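Please have the sequence at hand while reading.

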Amino acid sequence: MRKCLIGCLALVTLSLSFSGTVIAQGVQELRFGVYAYRPEAIIQERYQPLTDYLSGRIGVPVKLEVLDHERMRSALVSNQLDFFLTNPSQFLIIRSERSLSGVLATLVRREGEVATASLGGVIFTTAGQDDITSLADVQDRTIASPGRHFLGGFQAQALELREAGVDVFRDNRIKLVRSHDRVIRSVLRGDAEIGFVRTGILEELAEDDPSLLDRIKILNRQNLVGFPYVVSTRLYPEWPVVALPHVDSNIVRRVASALFAIEEDYPAALSAGIAGFAPPADYQPVEYLARELRVEPYDQIPSLTWPELVRQYWGWLAAIAILVLLLTGSMFWLGRKRRQLAAEQQRLRRLILSWPQPMLMLRDGTYVDSNRAALELLGFAVPQSILGKDIAAFSPRMQPDGEVSRQKMQKLLSRVRRNEVVQVEWAFRRSDGSQIWVDMTLAPVHEKGDIQPYVLCSWYDVTDRKEAEQRLRLAASVFDHAREAIFITDLHGSVIDVNDAYVEITGRTRTSTIGGLPPLPLEEGAGVFSSARRNGFWSGEFVSKRHNGERFNMALTISGVRNEQGAISHFMGIFSDITQLKAHEKELRTMAHYDALTHLPNRVLFADRMSQFMAQARRQGDSLAVVYIDLDQFKPVNDAFGHKAGDELLIEVAARMRAELREEDTLARIGGDEFAALVVNIEEPAVLTSLLARLLRAVSVPVLVAGHRVQVSASIGYALYPQAQELDGDQLLRQADQAMYEAKKQGRNRYCGFDAGS
């Protein structure tokens, strides 16, 4: 019995092998392209077992080609593929560019125990984005997407957002990062606020990083029964497997049979994370999406010829022709009525146009006519600029008395309709934006048979008077409320008036000040007014005294006030107390140029002095050394005893090094435990080496900090100037820094000079 069974199996195997050989006759290799929606290495690893499985089932070697969007299209154009598996959107594009034999099968993915032949899109942000909770919040945000041709990575989300009122093509900045993995990294790093990925990607990555789903937030989450992935959009059919037309039909049937035969526990299915393949799905929803979004292959509007236009829309064209005829007739009728109205208004126009004062005529509150004087006052060139508009259209929204211009004018016109003559001051805004004041008179003009009278409106420009009044009020207000002290003197310098700030700053009463001299610098007080008479003003800073003898810094400006003849008749002085400002400036200069801990010059002051010393060395032919000092074993002291102990150590070491340097030399702290020194006027190398040796000894002496005796050393590098080639300060400091590192390499607690050949 066993021998019989073995013989049957051998016969079946031989039969299958012979069948495969017949089908594969003349075919050396099949190329199976898979779209790389994730890194190519991952896709290669997942789908290689599938092509191995197909090779074994159909008896022809099947080679896997993992391709991105452009390479896939290029391979198809040059007939380098026989079968391909890609996303539905790219399938539509390929189908529009070349003829295909149709979809063989639709991919069925598996998540745990649940299988699905559908996919969707996921819209997500980081969990900490509290201001992004709904689709409406996506507007104006930066979006990361693998590419616009991705169905689940862009198009599904774009359609869902468009129906929610957000057009991502118009309202958002889209970053195309080429893969789903990069989308997730971009959002988590903060390079983008919103991410688009297809369903299943988050669950795949969460297997390696379980905390991923806790760090993101899903927008518009859908609760779909039987669908195993988080999803934010409606669902679409999964990826299709497509055969190219040049493939033999026997091979196509063989491949389709092999695909449908895949079970969930096959190695090919387990590796790819799928449950097998199903009969071709309906890809009509994908076409609808592409048409709605106007993306490839429906991104071009088809051309429409005139015969087609007439044939399709003849009813609309006929209706438009009828409307044009009606509109033309209406225009002729309106033209006749307009001529009649112009004749009726001619009498009023002659009356208004001949008047030199600005005059206008109103009807129902709007201008119907005006003379040239009114146009010039408002800054317009032609009457059409104002006709048909009401007075409020040329007025600020609020009149200076606080009443709304339109409401106030309605009240005035109501009085005119009761046959009152109204006179009022009114503020207008000219065409250039400037404001003018007029005395406005509104009077009724009755025509026989009119229910509502015309209103004659006349203006008198009072802008100069109102501005003069405002300047006087403003000057008085500024004088009384200014925080700076202000005084006014006669031509000889005697004070005739002061403001409250003057009394407050000087401590002198107004009574004692009037008739006296203002506060002036003692050494040049007599020449201040002479300079002001000659130049028109005098300005300066000096130290003065208050009434109680307290000294304070003052910034004073004295300006001449001229009369109508242009001669100086008075002087006005303004001064302020700048004592605190001067103190603050001094403090800022100290903070800007000195280290707060050691009180040594900082990097900024060091760089300035280095530039000065280098220039001096070039002029006088002297030698200059830039020394870079780095403390050894400082970090262990800082870590063991705390930052306060480290600060004490830095202060003590800085003081010792400063004591070893000469008065004309400079020591600076340039950061952390790093110092730099400028040694000038080096007559011979022994002077410098002796100084560096003293610095090493001074640093290495033990220091008592935080109750502990600690000892550090220093690594010192130096560079000399001038050199054969001209250098700037930064280059010279970098040379000293390199020499310091060489000292560290040689064992620390030593000094090294910069060697240009090393």
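The sections below describe a predicted model.

Strand β8 covers residues 142-145. In a regular strand the side chains alternate between the two faces of the sheet. In β8, Thr142 and Ala144 point one way, while Ile143 and Ser145 point the other way. Thr142, Ala144, Ile143 and Ser145 are all buried.

Two pairings of β8 can be described. With strand β9, residues 173-176, β8 pairs in the parallel sense over 4 bridges; here Thr142 stands opposite Arg173. With strand β10, residues 194-198, β8 also pairs in the parallel sense, over 2 bridges. The bridge partner of Ala144 in β10 is Gly195.

## Helix α7

Helix α7 spans residues 180-189. Its buried residues include His180, Asp181, Val183, Ile184, Ser186 and Val187. An α-helix has 3.6 residues a turn, so residues three or four places apart point the same way.

After α7 comes Gly190, which has a positive phi, near 90°.

Helix α13 runs over residues 306-353. A nonpolar surface patch is formed by Trp306, Val310, Tyr313, Trp314, Trp316, Leu317, Ile320 and Val324. Together these residues have about 960 Å² of accessible area. Tyr313, one of the patch residues, lies in α13.

Arg336 is placed in α13. Is Arg336 buried, partly exposed or exposed? Arg336 counts as partly exposed because its relative accessibility is 39%.

## A negative patch

Negative charge gathers on the surface in a patch of Glu113, Glu263, Glu264 and Asp265. Where is Asp265 placed? Asp265 sits in the loop between α10, residues 249-260, and α11, residues 267-272.

The cut-off for an exposed residue is over 50% relative accessible area. Asp265 has a relative accessibility of 57%, so Asp265 counts as exposed.

## Summary

Strand β8 is paired in the parallel sense with β9 and with β10, and its residues Thr142, Ile143, Ala144 and Ser145 are buried.

Notes:
Residues numbered from 1 in each chain as written. Predicted model: local features only at pLDDT ≥ 70, side-chain atom pairs only at ≥ 80, totals over all residues. Heavy atoms only, no water. Buried < 20%, exposed > 50% of the residue type's maximum accessible area, 1.4 Å probe, protein only. Pairing = 2+ DSSP bridges. Patch = residues over 30% accessible without salt bridge, like charges linked within 9 Å, V, L, I, M, F, W, Y side chains within 5 Å. Areas by Shrake-Rupley, 256 points an atom, 1.4 Å probe, with all protein chains shown as cover. Salt bridge = Lys/Arg side-chain N within 4 Å of Asp/Glu carboxyl O. Lys, Arg positive; Asp, Glu negative; His and termini not counted. Charge placed at Lys NZ, Arg CZ, Asp CG, Glu CD.
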